[in-house]
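Please brief me on this structure.

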Amino acid sequence: MAYISFLILTSLCIAGREALSISDCGAFARRPEYTDISVVCGTSAIDLAIQICPVVYTGYNASLLILNRIKDNVDCQGTLDTSVAPPVVRFSFPIREGNACGSNFLTTSAPGTGIFSDFSNIQSVNVSGVIRSFDPTIGTITYNAELKYYYSCAYPLEYLINNTQVDVSSSSIALKDNNGSFISTLSMALYKDENYSKPLVVPPLGIELRTNIYVQVVASNLTSQYFVLLDRCYASTNAQPSNSTFFNLFVSCSIDQLTTMLENGDSQKARFYFPAFRFIEQQNETISTYYLHCITRLCERSTCSTFKQCNRKRRSVETTVVQESITEPSVLTVAIRAKTETPILSKEEALSGGQSEGRRASVGLGIAVAVLIVIGVAAILMAASFYRKLKRLS
């Protein structure tokens, strides 16, 4: 009798929705397995997909899968998708605390490692929850197994801006921890005006030295919970900074005197500018080419002010050689070509040039004196000859 009540109530719960039966599932009708749930940790939303046929086999249906015990919010209910094989029920919710269908948000901190070893506090946020089956059976006992599908997405909040898509593995069941990434929401661009309205187009012969270069790092399609905070931006002579000469434009609160920070950690964009310079080691080249890199933190709006304090580890602002290797993530290289001013002669070239010019001047002066002497002697001889002729006539 209890089982009949369950079937009647199930039919009522899925009224107005597409429902599946055991016969509809065919070969997909089976007991639940650990691979029945997949988790996609997106940049603005988390997407879950649960194979529905094992759920039907167990005695439930799509409407009886409840996300984090929230039953009265349509946005948190599953949607049956029979266009794929096997069919699934899909859940999708935004990554916004207070509007993530009851998901738990846990922010953790740990010392940085690898490329982030300069920073003593690297944050990650873990978004987790569970989808449970709701058993409508009325009575003392039930023959339906309880289904629980746990999900978890871990997002680091520190990035080295790159141009490589970060692949997120999927597939899981019962308990699934997935890693997500916000890196695809971040981009860096150069501008030539303080209003950031005119993109900087680097001419073939490079940018004039001391020309202001305006940099903007912006997050797009990102949950409004996080702001952009630049931890470090630096230039290197090689696209991959490993074993390359580099120069820090700023590290935390240590800012080069010619770098001006306009906005950082106050919104979903960060802005600064600096005058074009050249690397001394490229002095024999017509154009000094270097690459701009920014280590970017996504901080919760309420905690950004903490990271803006000047009490974190940082390197001195010096030109030196990077020792650690760069692995993942790969580096987005923004090339800057600075025009080298008119070539400057070395000390030896200047001295040799001055000596040769002096020799040329001395030779010219000697020739001029010799010509004058010849002309003078000729004039004297002509005058003497004319004098003798006059004397004979007289």
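The briefing below goes topic by topic.

This is a predicted model, in which local features need pLDDT of at least 70 and side-chain atom pairs count only at pLDDT 80 or more, while totals for chains, interfaces and linings use all residues. Residues are numbered from 1 along each chain as its sequence is written, and side-chain values use heavy atoms, with hydrogens and water left out. A search of the whole structure finds five disulfides. The structure also holds six salt bridges.

**Disulfides**

- A disulfide here is a pair of cysteine sulfur atoms within 2.5 Å.
- Cys41 and Cys153 form a disulfide with sulfur atoms 2.0 Å apart. The torsion about their S-S bond is about -80°, so this disulfide is left-handed. Cys41 lies in strand 1 (residues 37-41) and Cys153 in strand 8 (residues 148-156), so the pair ties together parts that are 112 residues apart in sequence.
- Strands, like helices, are DSSP runs numbered from the N terminus (strands: E, at least two residues; helices: H or I, at least four).
- Cys41 and Cys153 are each buried. Buried means under 20% relative accessible area, exposed over 50%, and partly exposed in between (1.4 Å probe, protein chains only).
- Cys76 is joined to Cys101 by a disulfide, S to S 2.1 Å. The S-S torsion of Cys76 and Cys101 is about -90°, so the disulfide is left-handed. The pair links distant parts of the chain, 25 residues apart. Cys76 sits in the loop between strand 3 (65-67) and strand 4 (79-81), and Cys101 in the loop between strand 5 (88-94) and strand 6 (104-110). Cys76 and Cys101 are both buried.
- Cys299 and Cys304 also form a disulfide, with sulfur atoms 1.8 Å apart. The torsion about the S-S bond of Cys299 and Cys304 is about 95°, so this disulfide is right-handed. Cys299 and Cys304 are both buried.

**Salt bridges**

- A salt bridge is a side-chain nitrogen of Lys or Arg within 4 Å of a carboxyl oxygen of Asp or Glu.
- Arg30, Glu33 and Asp36 are linked in a network. Arg30 and Asp36 meet at 2.7 Å, N to O. Between Arg30 and Glu33, the closest N and O atoms are 3.9 Å apart.
- Glu33 is partly exposed, with a relative accessible area of 39%.
- Arg132 and Glu146 meet in a salt bridge at 4.0 Å, N to O. Arg132 lies in strand 7 (residues 122-133) and Glu146 in the loop between strand 7 and strand 8, so the pair ties together parts that are 14 residues apart in sequence.

- Two strands pair if DSSP finds at least two bridges between them.
- Strand 12 (residues 212-219) and strand 17 (residues 269-275) pair antiparallel over seven bridges. Val217 has Ala270 in strand 17 as its bridge partner.
- Strand 16 and strand 17 pair antiparallel over three bridges. Thr260 has Tyr273 in strand 17 as its bridge partner.
- Strand 16 and strand 17 form a hairpin with five residues between them. Gly265 in the turn has a positive phi of about 75°.

- Most residues other than glycine have a negative phi, and most peptide bonds are trans.
- The peptide bond from Ala85 to Pro86 is cis, with omega near 0°. Pro86 is placed in the loop between strand 4 and strand 5.
- Cys101 has a positive phi, near 55°. Its relative accessibility is 8%, so Cys101 counts as buried.
- Tyr196 has a positive phi near 55°. Tyr196 is found in the loop between strand 11 and strand 12. At 8% relative accessibility, Tyr196 counts as buried.
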